[in-house]
Amino acid sequence: MAKEYKLSPERLEELQTELTYLKTVREKEVADQIKEARSFGDLSENSEYDEAKNEQGKLYSRIAELETVLSNYVVIEESAHDQDVVGLGSTITVLDKEFQETETYQVVGSQEADPMNGRISEESPFGRAMLGKAVGDDIVVEAPAGAIHYQIVEIHR
């Protein structure tokens, strides 16, 4: 069975737009680069041709990846979850019990994860530990550095 990708409506639109751009504009640009590089002569020592073919490979790889995601996605509906528990799309504020610091994260699908900007995948250890929990719950997240203890302070959509 194919993996199901969970996407917000905004992310779905971004991926569809990117796929359209890659298939229309970018694919033509890469084809033109290859055509131009071929005109330089001997392909065995033609670095421009090699670079253009590498770019084409990356392009087709990204197109295939996007097509896979867009053929197996589910849109995250904000109203689909109980507001009192952590679910996909929830923004949560947690208290790190060791350092007594609060941090805010949004739980998102794996295609939208961006940990550096507070967007945590529901498939990550942190995301899995938070799903279904409520305000006041104590959670232990198993990390490579050891167990980290959190308490959920706030949940909002």
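**A loop residue in context**

Tutor: From the N terminus, the elements of the protein chain follow the order β-α-α-β-β-β-β-α-β-β, where helices (H or I, at least four residues) and strands (E, at least two) are DSSP runs numbered from the N terminus. The radius of gyration of the protein chain, 22 Å, is well over the 15 Å that the globule rule gives for 157 residues, so the chain is more spread out than a compact globule; the radius is taken over C-alpha atoms, and the rule is 2.2 Å times the number of residues to the power 0.38. The C-alpha trace spans about 70 × 35 × 30 Å along its principal axes.

This is a predicted model, in which local features need pLDDT of at least 70, side-chain atom pairs count only at pLDDT 80 or more, and totals for chains, interfaces and linings use all residues. Residues are numbered from 1 along each chain as its sequence is written, and side-chain values use heavy atoms, with hydrogens and water left out.

The residue in question is N46, in the loop between α1 (9-38) and α2 (47-71). N46 is buried, at a relative accessible area of 4% (buried means under 20%, with a 1.4 Å probe and protein chains only). Its side chain makes polar contacts (pairs of N or O atoms within 3.5 Å, one able to donate a hydrogen and the other to accept it; residues adjacent in sequence count only if both atoms are side-chain atoms). One reaches the backbone nitrogen of E48 at 3.2 Å, and another involves the backbone nitrogen of Y49 at 3.0 Å. Leaving aside neighbours within four places in sequence, N46 is in contact with A37, F40 and G41, contact meaning heavy atoms within 4.5 Å.

Methods: Buried < 20%, exposed > 50% of the residue type's maximum accessible area, 1.4 Å probe, protein only.
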